[in-house]
Amino acid sequence: MVNTDRILKNFTSMVALDSPSFDERLVCDYIKNYLADLGIEAHEDGAGAKIGGTTGNLIAYVDGEIDAEPLMFSAHMDTVEPARGKKAILHDDGTITSAGDTVLGSDDLAGVVSILEALTVMKENHIPHRPLELVFTVSEETHGGGVAELDFDALKAKQAYVFDLDGEVGTAASSAPTILTYTAKFIGKSAHAGFASHLGIHAVKAAALAVTKIPCGSIDDGVNANVGIIEGGKATNIVPDLCTITGEIRAFDDAKSDEKYHEVAAICKAAADAFGAKVEMEYAKHIRCFNVADDNIVVKRFKKVCAAMGLSGACVPTFGGSDNNVLAQYGIDGIVVSTAMNNCHSVDEFTTVDGLTKAAELALKLMLDKN
């Protein structure tokens, strides 16, 4: 029942609109006007002003004819850089790419288009459906900065489908990690490297020792870690008095992220002590883990609908974060649904006509499910 030509028109139109994090104004207006044409009134909250952006989250509630719990359908409006001047190019084999100098923006405009198409089919065919809550967020790519500013007391749905996962349509993420980042600032003492190096305390060497000791990669069951940045030194003839390393820890168990951070902190202190330096540690948890059980109705409904469509219905863990991490902290049970976006966060990003069509069909069938 979905209209592939309409899906492509909406997708290519929105791709052409610049919508980097903190400046989603054009895409927000497009969605708001589109919903208004369907007779759905959406309102914009004050998240933009709170996070220093131009746009708030866009929220709408659609009453339903089916007596059932409301379902939330969510996607985010922002894209990562390079995102200005995007253009969707349709290839003969049905693949859709950018021109190669920007991201495509299927992360997450594929999700937005899927939800809009499902709503359009329901409205134009007057199909009875359950109550729906629509949430289009800003600044998801900044660790869910926009969704964190939602007025959760005003939301009605306690079940959610967040259309924001890469890969084949018919899969979903039912668990995702806590994401913790840390900074270790090693403080030494500067001295002339040629005449008085013995008077200095080498902050870079202390930091380098720590980096060799900090575990990276898959460091434990359900835990990934990395040291991503090291910065220090001013000149070749100065013993560096400052060096900073920055890393992250991702864990499906929130307590384990704390445990691994404290292990990193101990390693950094030992490395600083070895050179007579000091180290100052800071960390932040950007989002917290969620884990949805297989017997949860959100998962069971997804699997049932996918089976009817001939899709796998696989629910898998992902080491990526999404708005769903934040929703889970407010008692909303949700999973993150694949929308056929691939190679996200790169200029090689692509999607397909078939994938966009299937994602819209999946959104429609979830909206119409009576259970």
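1. The buried residues of α2 pack against α1 (4-15), β1 (43-44), β2 (58-62), α4 (106-124) and β6 (132-137). Buried means under 20% relative accessible area, exposed over 50%, and partly exposed in between, with a 1.4 Å probe and protein chains only. Contact means heavy atoms within 4.5 Å. Helices (H or I, at least four residues) and strands (E, at least two) are DSSP runs, numbered from the N terminus.

2. The model is predicted: local features need pLDDT of at least 70 and side-chain atom pairs count only at pLDDT 80 or more, while totals for chains, interfaces and linings use all residues. Residues are numbered from 1 along each chain as its sequence is written, and side-chain values use heavy atoms, with hydrogens and water left out.

3. The protein chain has nine helices and 19 strands. Its C-alpha atoms fill a box of roughly 85 × 45 × 40 Å along the principal axes. Of the 371 residues, 52% are buried. Among contacts with a separation of 6 or more, 78% join residues 24 or more positions apart.

4. In α2, the buried residues are Val-27, Cys-28, Ile-31, Tyr-34 and Leu-35. Seen down the axis of α2, they fall within an arc of 130 degrees and so line one face of the helix; the arc is that of the directions from the helix axis to the C-beta atoms.

5. After α2 comes Gly-39, with a positive phi near 85 degrees.

6. Glu-349 lies in the loop between β18 (333-341) and β19 (350-352). Glu-349 is buried yet has no salt bridge, and the nearest side chain of opposite charge, that of Lys-86, is 8.7 Å away. Lys and Arg count as positive and Asp and Glu as negative, with His and the chain ends not counted. A salt bridge is a side-chain nitrogen of Lys or Arg within 4 Å of a carboxyl oxygen of Asp or Glu.

7. Two backbone nitrogens face the side chain of Glu-349: a polar atom of that side chain lies 3.0 Å from the nitrogen of Leu-104, and a polar atom lies 3.1 Å from the nitrogen of Gly-105. Beyond its neighbours within four places in sequence, Glu-349 is in contact with residues including Ile-96, Thr-97, Ser-98, Asn-342 and Cys-344.

8. The structure holds 18 salt bridges. One of these joins Arg-250 and Glu-248, with the closest N and O atoms 2.7 Å apart; Glu-248 is partly exposed, at 23% relative accessible area.

9. Lys-260 and Glu-263 meet in a salt bridge of 3.7 Å, N to O. They are three residues apart in helix α6 (254-274), about one helical turn. Lys-260 is buried at 9% relative accessibility, whereas Glu-263 is partly exposed at 36%.

10. Asp-369 forms a salt bridge with Lys-304, the closest N and O atoms being 2.7 Å apart. This pair links distant parts of the chain, 65 residues apart: Asp-369 is in the segment after α9 (353-368) and Lys-304 in helix α7 (297-309). Asp-369 is buried, at 10% relative accessible area, and Lys-304 is partly exposed, at 37%.

Notes. Polar contact = N/O pair within 3.5 Å; in protein donor to acceptor, adjacent residues only side chain to side chain.
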